[in-house]
Amino acid sequence: MIPLIDREKTGRQIRMMMEERGITVQEAQSYLCLGCVQSIYHWFSGKSLPSLDNLYALSELMQVPMDALICGDRGCVQIKPETPIQKRMRFFYRYIYCLNRQP
């Protein structure tokens, strides 16, 4: 039997990891160059899954392996929460990134 992805668990996993890292839906939308946030909310609810490209980009955005975002028959990979130093570095990275994007 081949392993199957659980869309609802995967959506909850993505949402939880974004919340832990302080990444908003709008920031993810901008990073992924999506036309609207609805796609992300569909992932959260399990209505759909991110494309392979978007999953790869999300893993880069959250600095976790792709396997950490996917839940299925094999379960979910548990990733340790960010340390305070990692959260601080992510905050400064996002701050500098936003400063460079303003016209």
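**Burial, helices and core packing in a predicted model**

Colleague: What relative accessibility does Cys 36 have?

Modeller: The model is a predicted one, in which local features need pLDDT of at least 70 and side-chain atom pairs count only at pLDDT 80 or more, while totals for chains, interfaces and linings use all residues. Residues are numbered from 1 along each chain as its sequence is written, and side-chain values use heavy atoms, with hydrogens and water left out. Buried means under 20% relative accessible area, exposed over 50% and partly exposed in between, with a 1.4 Å probe and protein chains only. Cys 36 counts as partly exposed because its relative accessibility is 40%.

Colleague: How many disulfides does the structure hold?

Modeller: A disulfide is a pair of cysteine sulfur atoms within 2.5 Å. Cys 33 counts as exposed, at 68% relative accessibility. The number of disulfides in the structure is zero.

Colleague: In what order do the elements of the protein chain run from the N terminus on?

Modeller: Helices (H or I, at least four residues) and strands (E, at least two) are DSSP runs, numbered from the N terminus. The protein chain has five helices and two strands. From the N terminus on, these elements follow the order α-α-α-α-β-β-α.

Colleague: What share of the contacts in the protein chain between residues at least 6 apart in sequence join residues at least 24 apart?

Modeller: Contact means heavy atoms within 4.5 Å. Buried residues account for 32% of the 103 residues in the protein chain. Among contacts between residues at least 6 apart in sequence, the share that joins residues at least 24 apart is 62%.

Colleague: Which residues is Ile 14 in contact with, leaving aside its neighbours within four places in sequence?

Modeller: Ile 14 is among the residues with the most contacts inside the largest nonpolar core. In soluble globular proteins, nonpolar side chains tend to be buried together. Leaving aside its neighbours within four places in sequence, Ile 14 is in contact with Phe 44, Pro 50, Leu 58, Met 62 and Leu 69.

Colleague: How wide an arc around the axis do the buried residues of H2 cover?

Modeller: In H2, the buried residues are Val 25, Ala 28, Gln 29 and Leu 32. The arc is that of the directions from the helix axis to the C-beta atoms. These residues lie on the same side of H2 because they cover an arc of only 100°.

Colleague: Which residues does Gln 29 touch, not counting residues up to four places away in sequence?

Modeller: Gln 29 has its place in helix H2 (residues 25-32). Its relative accessible area is 17%, so Gln 29 is buried. The buried residues of H2 pack against H1, H3 and H4. Not counting residues up to four places away in sequence, Gln 29 touches Leu 34, Gly 35, Cys 36, Val 37 and Ile 40.

Colleague: At what angle do the ring planes of Tyr 41 and Phe 44 stand?

Modeller: Rings of Phe, Tyr and Trp (its six-membered ring) pair if their centres lie within 6.5 Å; planes under 30 degrees apart count as stacked, over 60 as edge-to-face and the rest as tilted. The structure holds one aromatic pair. The ring centres of Tyr 41 and Phe 44 are 5.9 Å apart, and the pair is edge-to-face because the planes stand at 85°.

Colleague: Which residues does Gly 11 contact, leaving aside its neighbours within four places in sequence?

Modeller: Gly 11 lies in helix H1 and counts as buried, at 1% relative accessibility. In H3, the buried residues are Ile 40, Trp 43 and Phe 44. Leaving aside its neighbours within four places in sequence, Gly 11 is in contact with Trp 43 and Phe 44.

Colleague: Which side chains meet in a salt bridge?

Modeller: A salt bridge is a side-chain nitrogen of Lys or Arg within 4 Å of a carboxyl oxygen of Asp or Glu. The structure holds one salt bridge. At 3.5 Å, N to O, the side chains that meet in it are those of Glu 20 and Arg 21.

Definitions and conventions. A nonpolar core is a set of buried Ala, Val, Leu, Ile, Met, Phe, Trp, Tyr and Cys residues joined through side-chain atoms within 4.5 Å.
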